[in-house]
Amino acid sequence: MAEGPPSPPRPARSARGPGGRPGKGLGWTGREFEVTVGPVAHGGHCVARHEGRVVFVRHTLPGERVVVRVTEDRQPGYCRADAVEVLEASPDRIERPCPYSGPGRCGGCDWQHVSWEGQRRLKADVVREQLTRLGGLDAGDPLLAGLDVEPLPGGPLRWRSRARFAVDRTGAPGLRRHRSHDVVLLDDCPITVEPAAQAVLARRWPGAGAVDVAVDSAGTVTTTRLDRRGVPTSTRVLRAGEDVPGETRRRAGRRAAGRDWEVEGTGFWQVHESAADALVAAVTAAAGVRPGESVLDLYAGAGLFGGALAPAAGESGRVVCVEADAEACAAAEANLAGLPQAEVWQGEVDAEGLTGLLEELGGSPDVVVLDPPRAGAGPAVSRVLAGTGARAVVYVACDPASLGRDVAAFAAAGYRLAALRAFDAFPMTAHVECVALLVPGDAGR
């Protein structure tokens, strides 16, 4: 199956290094050549080699023979390229379901050209590679060898209930090209639930820099306009396609773990409509909270994990949810109001603050749950948490590289990886959600 090359994409920026100094590439930008594609790498591309250099290639699959066009060349050892013609296709290659996907087009998805089963295999390979290379695990570890990326209900399209769309200088909405500020104008986004996509893409947004949109469990759509600095300026609420007068800020209703949750309209919640249920089930099973135990829920958001674990701790237990965002804390307070053993603390999760929090709590938690941002918890926070001696640390990770680095930090402090699950919470993209259980090194041996 061959794909004709599109018009060359404009470079994201000029090939200059830090501080405006000229980059150290070899001038390959725009050059085309044939390669045989090697293994998948973290970030939605595969690795090939040409004339002694590494080439990170998008829009391809391991084992394919393709023609690539270099899109970025800033380093002497490697460059980036798109596969613009497929000479020998992988069995996992399919026709792209999105007309905006492909070389030089929308950068929102990485694997539109790959079967859903093939995408999950690629993601499992990436998790294994990152935990081996960065986490220090053995490639033959049964946790890695037997890892499957589990699908969530609903298929690979129309799963995204929360999104951010870019807006160009004319007010037209879309998504950005890969590694570029250019906005690709869209009529639809097939991975986004239709009411959310149309609430943004069917109109213009003069003066906006971006628009956040979310659909809650009742089908109410909330859009938040952001200026070109990323500052929210206005909110619009639509129910059954009609504006709800007077609602400029609201709480959205979400359903997970058998109950309702309040979340700020476009505030953080798992973007896949089935992800919250799947992750709560995985976290609950890994934590195994017992009556009377204490639980520390870090980066708690609206209190989803803490609220789901609190009943198991019982009235004699204690669950402390820590979150930096004030709006999320307010939602968590509402969500945990009926659970006397649960409380919300507002504050950043860093080593200093965490040490102070543990002193205020007057004891170490039995269980720690953490769901950090993409950058991960980091070595300093990981060391503090390992120092608590918690019998179980349940780590929810949206980036396998960050998980790998933090697993290594926990290992250096005496903890080991005891269980691992992965979920395809972001079909068509390179992202994967993992739930890891870390325990003291001698536990269960």
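Guide: A nonpolar core is a set of buried Ala, Val, Leu, Ile, Met, Phe, Trp, Tyr and Cys residues joined through side-chain atoms within 4.5 Å. Buried means under 20% relative accessible area, exposed means over 50%, and partly exposed lies in between (1.4 Å probe, protein chains only). This is a predicted model: local features need pLDDT of at least 70, side-chain atom pairs count only at pLDDT 80 or more, and totals for chains, interfaces and linings use all residues. Residues are numbered from 1 along each chain as its sequence is written, and side-chain values use heavy atoms, with hydrogens and water left out.

Start with the largest nonpolar core, which has 70 residues. Phe165, Val213, Val283, Leu304, Phe305 and Val435 have the most contacts inside it. Helix 4 (residues 275–287) gives the most to this core: eight residues. Helices here are DSSP runs (H or I, at least four residues), strands likewise (E, at least two), numbered from the N terminus.

Now zoom in on valine 283. Leaving aside residues up to four places away in sequence, Val283 touches Phe305, Leu309, Val369, Val394, Val396 and Val435. Contact here means heavy atoms within 4.5 Å. A second, separate core has 39 residues, including Leu144, Leu420, Ala422 and Val432. In soluble globular proteins, nonpolar side chains tend to be buried together.

Next, the charges. The structure holds 23 salt bridges. Each is a side-chain nitrogen of Lys or Arg within 4 Å of a carboxyl oxygen of Asp or Glu.

One of them joins glutamate 64 and arginine 93, at 2.8 Å from N to O. Glutamate 64 sits in the loop between strand 4 (53–58) and strand 5 (65–72), and arginine 93 in the loop between strand 6 (78–88) and helix 1 (116–133), so the pair ties together parts 29 residues apart in sequence. Both partners are buried: glutamate 64 has a relative accessible area of 0%, and arginine 93 has 6%.

Helix 1 holds another pair. Arginine 128 and aspartate 125 lie three residues apart there, about one turn of the helix. Their side chains meet in a salt bridge of 2.7 Å, N to O. Arginine 128 is partly exposed at 22%, and aspartate 125 is partly exposed at 35%.

Aspartate 182 and arginine 177 form a salt bridge at 3.8 Å, N to O. Aspartate 182 is buried at 17%, whereas arginine 177 is partly exposed at 28%. Finally, Glu72, Arg74, Arg80 and Arg179 belong to one network, joined by salt bridges that share partners.
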